[in-house]
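Thanks for making the time this morning.

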Amino acid sequence: MFLQKLPRLTAALALCGIGVAHAQAADDSKTLPICKAEASLSPFSLNTTLVEDDMGSVYLSVDGRRVLSQDIKIMTSDDQNLEFIKKFVGQSSFNFQMYISENEEGERTYRFESANFLLPSYSNTNAEGKTIQQFAKVHQIALGDKQYVYQVEPKLPYNNFYEYPVIAGFASASSGSWLRGEPTSISLQLTDEAYVTEIVLLPSKWAKFAEIIDRDASSLFEKYSSGQCQADYACFFTTAAVHTIGLADNCWELTQLRSFRDEVMKKTIIGSKLVEQYYAQAPNIVRRINTLSQAKRIWLKTYWFDILPNALLAKVGLNVLAQKRYIKLFKRLQQLALSA
């Protein structure tokens, strides 16, 4: 556990056969190339990422969220606790994950993968005056004229929120109809009493939100087709190496070499051609190397004998030497990839 806080030391020991690097061989090739879009239309928010899997298929991964504090109607027989119910609902949200793929003819397929309600826990005082932590119970979800009885227990709380995974039948049925503005309601029991509260999600902005999803999908697929979606594997395999030893995207090595790529190499004819070559070939090289049994050791050696020295050379301004070393690195990894 202590060594995990010192990724470079852990990687050095692993390279010497002492211990094991805690990170796995870089598998970022499953998310290449990357284009991202964010959008919000109160009460909705959306994060969309274009990814390419290791089979070369391109699709959009969509993470959406709808807070339950706006565009809703609350119906309850528990008028005594109405203010508490409003506060509870205001802290709750409906989150979902979906995938969008597009064929060569531009036809899109939308696949609703999963969804969950994120509901806060709350405290109540029992008859003995003892404070107890409680959570809501989801009874039923209605979508249009279909009703789904909810019998799934919530996951353990994270930051005092309980996550209710949405049942498969609802997720499947809602893949298209919820975006068309079908009336949707959630029945909750907020206490151990018999009172049930129904939250009706008003459809006023569902259709508009569907347009935003479609707009972002069009934009990202167009960017990909025109070659505007590029990944940091063009940063000379640095990402693959530093991720293997557990360093973050903003680590010193990545920051330095990105700057070297953008501020030095791209401003010369030879350098810009090398960058284009790496953009085209690096993702496939990384994928093939990651299929090798010794992939982790390859990336460990790449970090210590190539990435770190090159970052230091770039830092002190020895740009010609740094570029020559990168050319050698590219050829060496290219040969390793051919052996996969």
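Predicted model: local features only at pLDDT ≥ 70, side-chain atom pairs only at ≥ 80, totals over all residues.

The structure holds seven aromatic pairs, where rings of Phe, Tyr and Trp (its six-membered ring) pair if their centres lie within 6.5 Å, and where planes under 30 degrees apart count as stacked, over 60 as edge-to-face and the rest as tilted. In one of these, the ring centres of Y59 and Y99 lie 5.5 Å apart with the planes at 75°, so this pair is edge-to-face. That pair links distant parts of the chain, since Y59 sits in strand β3 (residues 58-67) and Y99 in strand β5 (residues 93-102), 40 residues apart; helices (H or I, at least four residues) and strands (E, at least two) are DSSP runs here, numbered from the N terminus. Y59 is partly exposed, at a relative accessible area of 23%, and Y99 is partly exposed at 22%, with buried meaning under 20% relative accessible area, exposed over 50%, and partly exposed in between (1.4 Å probe, protein chains only).

F96 and F209 also form an edge-to-face aromatic pair, 6.5 Å from centre to centre and with 85° between the planes. This pair, too, links distant parts of the chain, with F96 in strand β5 and F209 in helix α4 (residues 206-225), 113 residues apart.

Residues are numbered from 1 along each chain as its sequence is written, and side-chain values use heavy atoms, with hydrogens and water left out.

Let me turn to strand β14. How many of the five residues of strand β14 are buried? Four of them are, so the strand, residues 197-201, is largely enclosed by the rest of the structure. Strand β4 (residues 72-76) runs antiparallel to β14 and is joined to it by five bridges, two strands being paired if DSSP finds at least two bridges between them; T76 has T197 of β14 as its bridge partner. Strand β13 (residues 184-189) also pairs with β14 in the antiparallel sense, over five bridges, and there S185 stands opposite V200.

Finally, L338 is found in helix α9 (residues 319-338), and L338 counts as exposed because its relative accessibility is 59%. The C-alpha atoms of L338 and I289 are separated by 8.6 Å, although these residues are 49 residues apart along the chain.
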